[in-house]
Amino acid sequence: MHDCLPAADQLLLQRAITLAEGAIGVSEPNPRVGCVIHDAQGRLAGEGHTQQAGGPHAEVMALRAAREAGIDVSGGTAWVSLEPCAHHGRTPPCADALVAAGIARVVVALHDPFPQVCGQGIARLRAAGVRVDIAPEGPVTAAARALNIGFLSRVLRGRPWVRLKVAASLDARTALPDGRSQWITGPVARADGHAWRRRAGAVLTGIGTVRDDDPRLDVREVPTLRQPRRVVLDSRFATPPTARLLSPPADVLVVGAVADAPRQAALQAAGARTLLLPGQDGRVDLPALLRQLGSEGINELHVEAGAVLNGAWLAADLVDELLVYLAPKLLGPGRDIAMLPALPSLDEARGWRFIGSDPVGVDLRLRLMRQGADAFLG
C-alpha cells in the first residue's frame, strides 16, 4: 500500500466509482463495482460495471470492452472500486481474469470484507506477479464505502443498512389531520425519492400506510431493471389480498407477530410470502427482521411508513440514515414524522449528523446519519 496515490490514479479510481453507480438497481445482492482498464501505453482500453447477479462483474465487462475494441491490455493497468473477487461463485474469479489478460498493475479503492474475498483477491494477484496498489484513506475510499454501504453492512454486521425516508412541511407535518399528503413535495423530489427506492433491495411500510394509501411501493419515476422487494409490517396479517402492492409481478413479504392461518393463506394465495416474527407487545421483532433480510441478501432497506412505525424504528436505534424532503410549506395541525417517547432531558436526545443538504426542485433534501451507525466499518 502506498501512503499517497498519484492524482491520476485517484481520478481513475473516482471514474471507476462513477461507473459502479451504473450497477445501482442492477447488481444486488452483489456489490456495485466499476473498473477502468488502460493498455500498456496508458490509453483507455475498456470500462465496465457489475451486471445482474450471475452476470459478468466489472472487471470482466471492462476486459470484454477492450477485446471488442481490438485492444491488447497485456502490460496494462486496471483501476477497480472494490477488491477483485477470488472465489468461484456464480462467475469465475475476477482476479484470475485480470491475470489471464496480462494486466500488470491493479489499483484498488477498497478491500472487500466478504469472507471468500477479504484480501484473497489481492493476494492472488500479487502471487501471479501483478503489482497491486491500494488507495489510502481519503475521499476516494469514502466514496467507495458510501456506494456500497449496504453491502458492507450486510457482510460485516449481518443486516441491511436502514434508510428511513420522509417528506414533510417546514413544520414537520407529513400529512393533514385526515391523512391527505398528495402532494407535499414537488415532482422533482418525488422522482428523487424513487431513485432512492431503486437503490434499495427492499422497500418497507406498515399496515397503516397500506390501509390509508394503498401504495404500490414500486419504482416508477426513474428507469430500473429490477423492482425492490416490498415488505409490509402487519402484526395480524390484515393486509387485504387486493392491495395494490400485491399486484404481479411483485416480490412481497408480509411480516406478522400473531399467527392467523386463514389470513396468511389468503395472502399467500395472492402471491405474498408471510413470515411470523413475534416480538414484544404483539409487535414484529424488528432486529430479528433485519437479521432475516440480511440472510436473504438485502443490502439496503428503504423505510417509507407512518408516524407510529417510524417512531418504532427510531426508538429502537435501528435507523442508520434519514432521508428527509422538506417542502417550503407550513401546514399547521397534521401528522407527525414520528411518534417518539418523551425524553427526560435534552441530554438523552439521539444524535445525528448531516451528511448532505441539497435543493431538489423546489424542495430541500436532507441526509443524516445516526451517530455511530457506521462503527462497523472500524
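**View A: Glu296 is partly exposed, with a relative accessible area of 25%.** Buried means under 20%, exposed over 50% and partly exposed in between (1.4 Å probe, protein chains only). This is a predicted model, where local features need pLDDT of at least 70, side-chain atom pairs need 80 or more, and totals for chains, interfaces and linings use all residues. Numbering runs from 1 along each chain as its sequence is written, and side-chain values use heavy atoms, without hydrogens or water. Look for Arg229, which is buried at 12%. Arg229 and Glu296 form a salt bridge, with their closest N and O atoms 2.5 Å apart (Lys or Arg side-chain nitrogen within 4 Å of an Asp or Glu carboxyl oxygen). The two partners sit 67 residues apart: Arg229 in strand E9 (residues 229–233), and Glu296 in the loop from helix H10 (286–295) to strand E12 (300–303). Helices (H or I, at least four residues) and strands (E, at least two) are DSSP runs, numbered from the N terminus.

**View B: Arg157 and Asp320 meet through their side chains in a salt bridge of 2.7 Å, N to O.** This pair brings together distant parts of the chain, 163 residues apart. Find Arg157 in helix H6 (residues 149–157), then Asp320 in the loop between helix H11 (307–315) and strand E13 (321–327). Arg157 is partly exposed at 26% relative accessible area, whereas Asp320 is buried at 0%. The whole structure holds 32 salt bridges.

**View C: Arg173 in strand E7 (residues 173–175) and Asp336 in strand E14 (residues 335–336) are a linked pair, 163 residues apart.** Their salt bridge has its closest N and O atoms 2.3 Å apart. Both partners are partly exposed: Arg173 has a relative accessible area of 21% and Asp336 has 35%.

**View D: Gly25 lies in the loop between H1 and strand E1 (34–38).** Gly25 is buried, at 0% relative accessible area. Beyond its neighbours within four places in sequence, Gly25 contacts (heavy atoms within 4.5 Å) Arg198, Thr224, Leu225 and Arg226.

**View E: Leu13, Ile37, Leu98 and Val106 have the most contacts inside the largest nonpolar core, which has 46 residues.** Helix H1 (residues 7–20) gives the most to this core, six residues. A core joins buried Ala, Val, Leu, Ile, Met, Phe, Trp, Tyr and Cys through side-chain atoms within 4.5 Å. Residues touched by Leu13 include Trp79, Val107 and Val140.
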